[in-house]
Amino acid sequence: MSLFTKQDHDYMSHAIALAKRGMYTTTPNPNVGCVIVKDGEIVGEGAHLKAGEGHAEVHALKQAGEKAAGATAYVTLEPCSHYGRTPPCAKGLIDAGVTKVIAAMVDPNPQVAGRGLAMLEAAGIETAFGLLAQQAKALNKGFLKRMEHDVPFVTCKLAASLDGKTALNNGESKWITSAAARLDVQRHRAQSCVVLTGADTVIADNARLNVREEFLEHTDYPQPQLRQPVRAVIDSQNRLTPDLALFNIEAPVIIFRRTIDNSKQWPHFVEQIVVPEAHGKLDLHAVLSKLAEKQYNQVWLEAGATLAGVMHELGLIDEYIVYLAPKIIGAGRGLFNTTALSTMSQIPELIFDDISQVGPDLKITATKEK
């Protein structure tokens, strides 16, 4: 028999919907929603919208006011128990006089990890967790990956024709997929902490890798509130130059290299990071570790076949998003450059998590088999 009622499910579903309001702005913090209910009525609700500003519980308690006393709080993530940029939310709930807190999931952050619920229980507040836990985890897969494994969650974006070609043999690729698919890519970029690519892609496409203005027209977020993701480039041979379009936009750029390149005048927003080599190439495990150290949760990999192939072979990709256009190119460039396999048993299995249509194109989301 379930510990939770239909009403509990409804209130937590609403809290999860609230949490999604911060999907473009909360990094490096998780997306969290909170609903406060008293006598069958929602008396306060809130979402965490930006790191350094009030958490979801703070907004919900402010709205509830005195009605929070004796109420039940539904929170998508265990209330924090430590002082960071803001006071602990568990203390705020205690001071407000709530009598029960239901969390969708326990916070994997070692600074919390059950301590928030323990603080509430020590104050005599009834607690429970596990309600809609999978939906809550889906909100913060990058935060969870970084907390549990010290690396970000990596999504590899791929766009191809129906026969799996990314470009003609001469390199021409604009545009295989539709404007609707490209707008969807902007949405994913905007939710990501980092857009990662290789020097080949930046040079060949003169790529900017930013969230573009056309995306802003399709969102409720005002432009100043939307942040540009960090643009990170693997440039082991110091091939990038400051005149590229990448550096015309004043937003953070990280260049991963074997050695610092001081021979050029780089803009102030460019950071060069040296990483060790592995098998004659830059160590991509070290690249992801460096990004995690900077508290980046979600990496959006938009790369050519070589970097995408290496990331795939090393098992560093958590999720694949493939846009397939209803076109047949025939002779052309493929999605991955990988080592030839000798048996079918060597092929890693993936699971199709979602298949949908975006404009005329198919969008396929696949993850590693659990």
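Reader: Leaving aside its neighbours within four places in sequence, what is valine 101 in contact with?

Author: Keep in mind that this is a predicted model. Valine 101 is in contact with Ala73, Val75, Pro79, Leu93, Leu120, Ile125, Glu126, Thr127 and Ala128.

Reader: OK, and which residues touch the most other members of the largest nonpolar core?

Author: Met12, Ile36, Tyr74 and Val101 do, out of 41 residues in that core. Helix H1, residues 6-19, gives the most to this core, with six residues. There is also a second, separate core of 34 residues, and Ala160, Leu196, Tyr296 and Tyr320 are among its members.

Reader: Back to Tyr74. Which way do the residues of strand S3 point?

Author: Thr72 and Tyr74 point one way from S3 (residues 72-75), while Ala73 and Val75 point the other way. All of them are buried.

Reader: And what sits opposite tyrosine 74 and alanine 73?

Author: Valine 35 stands opposite tyrosine 74, and valine 101 of S4 stands opposite alanine 73.

Reader: Are those pairings parallel or antiparallel?

Author: One of each. Strand S1 (residues 33-38) pairs with S3 in the antiparallel sense over four bridges. S3 and strand S4 (residues 100-103) run parallel, and four bridges join them too.

Reader: What about cysteine 156, and is it buried or exposed?

Author: Cysteine 156 is in no disulfide either, with the nearest cysteine sulfur, that of cysteine 193, 17 Å away. Cysteine 156 is buried, at a relative accessible area of 1%. Cysteine 80 counts as buried as well, at 8% relative accessibility.

Reader: Now helix H6. Which of its residues are buried, and what do they pack against?

Author: In H6 (residues 141-149) the buried ones are Gly142, Phe143, Leu144, Lys145, Arg146 and Met147. They pack against helix H5 (133-139), strand S6 (153-161), helix H10 (284-293) and S14. Just after H6, aspartate 150 takes a positive phi of about 60 degrees.

Reader: Last one: which elements have the lowest and highest mean pLDDT?

Author: Helix H9 (residues 213-216) has the lowest, 64, and strand S14 (residues 298-301) the highest, 98. For the protein, the mean is 91, and 94% of residues reach 70 or more.

Note on methods. Residues numbered from 1 in each chain as written. Predicted model: local features only at pLDDT ≥ 70, side-chain atom pairs only at ≥ 80, totals over all residues. Heavy atoms only, no water. Buried < 20%, exposed > 50% of the residue type's maximum accessible area, 1.4 Å probe, protein only. Helix = DSSP H or I, 4+ residues; strand = E, 2+ residues; numbered from the N terminus. Pairing = 2+ DSSP bridges. pLDDT = per-residue confidence, 0-100. Core = buried A, V, L, I, M, F, W, Y, C linked by side-chain atoms within 4.5 Å. Contact = heavy atoms within 4.5 Å. Disulfide = S-S within 2.5 Å.
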